[in-house]
Structures are given as C-alpha cells and as structure tokens.
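Please keep the model open while you read.

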Amino acid sequence: MSLATNVVRIAGRYYFRCRIPEDIKPYLKRQTYKIALRTAEPSSARRKAAIVSRHMLMFFDEIRMSDKSEKEQLEAKLEEMLDEKHKGLGNILAQKIIMD
C-alpha cells in the first residue's frame with residue numbers, strides 16, 4: 001500500500017507536508033507547512049496524515065470565511081494549531097487517539 005500524497009519520509013520518520021493554497025498565501029508567511037507524525041510506521045503515518053489533512057482543510061476554509069481583521073492573526077493561529085506544545089494537532093497525534 002502506498003503512502004498518502006502529503007506524507008514524506010525523512011531519516012526513517014514520517015511527516016505531513018502541505019502546500020498553502022494560492023488564495024491563502026498572502027495571509028500566511030509560508031509556502032508550505034510540515035508537521036512530524038511521530039511515527040516510523042507507514043500505516044500509522046497514513047492514518048495520522050488523514051487527521052492532520054482534515055484539520056488543515058478546515059483551517060483553510062475558516063480563513064476563506066474570515067474578514068480582513070481576523071486574517072492578520074492567521075499565522076499565529078496556524079502556529080498554535082500545529083504547535084506540539086499547545087492543544088493543537090501535535091497533542092492530538094501524541095495522545096495516540098489513533099490506534100498504532
């Protein structure tokens with residue numbers, strides 16, 4: 001079974017990598033985002049990538065629906081969502097919500 005499109009393997013560990021959509025790039029300071037999936041197992045990486053992908057798509061939709069004043073704070077909001085030290089996706093992945 002192949003890996004998901006947004007899953008990359010670097011030094012034996014798996015990461016989720018996603019390009020920022022063109023219409024959202026003006027509001028964020030990056031072209032892409034990458035988050036460690038905290039696994040070396042391909043099947044676990046696929047499952048975890050699906051969760052991260054869903055959250056990223058919801059975030060992109062939220063950006064599209066927000067007004068200009070809210071868009072100024074988007075970079076910080078995305079960082080918080082992806083930050084492994086906060087209640088973001090890093091903690092979701094760390095809590096083993098998905099059975100490995």
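1. Start with a definition. A residue counts as buried under 20% relative accessible area, as exposed over 50%, and as partly exposed in between. Take Asp-23: its relative accessibility is 42%, so Asp-23 is partly exposed. Keep in mind that this is a predicted model.

2. Next, the overall layout. The protein chain has 4 helices and 3 strands. Their order along the sequence is β-β-β-α-α-α-α. The chain has 100 residues, and 35% of them are buried.

3. How many salt bridges does a search of the whole structure find? The search finds 3. The general idea is simple. Side chains of opposite charge can pair when their charged atoms come close. The next points go through the pairs.

4. The side chains of Asp-23 and Arg-64 form a salt bridge, with 2.7 Å from N to O. Asp-23 is in the loop between β2 and β3, while Arg-64 is in helix α1 (residues 42–65). The two are 41 residues apart in sequence, so this pair ties together separate parts of the chain. Like Asp-23, which is partly exposed at 42%, Arg-64 is partly exposed, with a relative accessible area of 40%.

5. Arg-64 also forms a salt bridge with Asp-61. Here the closest N and O atoms are 3.4 Å apart. Both residues belong to helix α1 and are 3 residues apart, so about one helical turn separates them. Asp-61 is partly exposed too, at 41% relative accessibility. Asp-23, Asp-61 and Arg-64 are linked in a network of salt bridges.

6. Glu-22 and Lys-25 also meet in a salt bridge through their side chains, at 2.7 Å from N to O. Is Glu-22 buried or exposed? Glu-22 is exposed, because its relative accessibility is 60% and the cut-off for exposed is over 50%.

7. Stay with Lys-25. This residue sits in the loop between β2 (13–19) and β3 (32–36). Its side chain makes a polar contact with the side chain of Glu-22, at 2.7 Å. A polar contact of 3.0 Å also joins the side chains of Lys-25 and Gln-31. Which residues does Lys-25 touch, not counting those up to four places away in sequence? They are Ile-20 and Gln-31.

8. Now the rings. The structure has 1 aromatic pair. The ring centres of Phe-59 and Phe-60 are 6.3 Å apart and the ring planes are at 55°, so the pair is tilted. Phe-59 is buried, at 3% relative accessible area. Phe-60 is buried as well, at 4% relative accessibility. A charge also sits over a ring in this model: Lys-34 lies over the face of Tyr-15, 5.2 Å from the ring centre.

9. Check the backbone at Ala-11. Its phi is positive, about 55°, although Ala-11 is not a glycine. Ala-11 lies in the loop between β1 (7–10) and β2. With a relative accessible area of 79%, Ala-11 is exposed.

10. Arg-38 also has a positive phi, near 55°, and is a residue other than glycine. Arg-38 is in the loop between β3 and α1. Its relative accessible area is 32%, so Arg-38 counts as partly exposed.

11. Finish with Thr-39. Where is Thr-39 placed? Thr-39 is in the loop between β3 and α1. Its relative accessible area is 6%, so Thr-39 is buried. Leave out residues up to four places away in sequence, and Thr-39 touches Gly-12, Arg-13, Tyr-14, Ser-44, Ala-45 and Lys-48.

Notes:
Residues are numbered from 1 along each chain as its sequence is written. This is a predicted model: local features need pLDDT of at least 70, side-chain atom pairs count only at pLDDT 80 or more; totals for chains, interfaces and linings use all residues. Side-chain values use heavy atoms; hydrogens and water are left out. Rings of Phe, Tyr and Trp (its six-membered ring) pair if their centres lie within 6.5 Å; planes under 30 degrees apart count as stacked, over 60 as edge-to-face and the rest as tilted. Buried means under 20% relative accessible area, exposed over 50%, partly exposed in between (1.4 Å probe, protein chains only). A charge sits over a ring if NZ of Lys or CZ of Arg is within 6 Å of the ring centre and within 35 degrees of the ring normal. A polar contact is a pair of N or O atoms within 3.5 Å; within protein, one must be able to donate a hydrogen and the other to accept it, and residues adjacent in sequence count only if both atoms are side-chain atoms. Contact means heavy atoms within 4.5 Å. A salt bridge is a side-chain nitrogen of Lys or Arg within 4 Å of a carboxyl oxygen of Asp or Glu.
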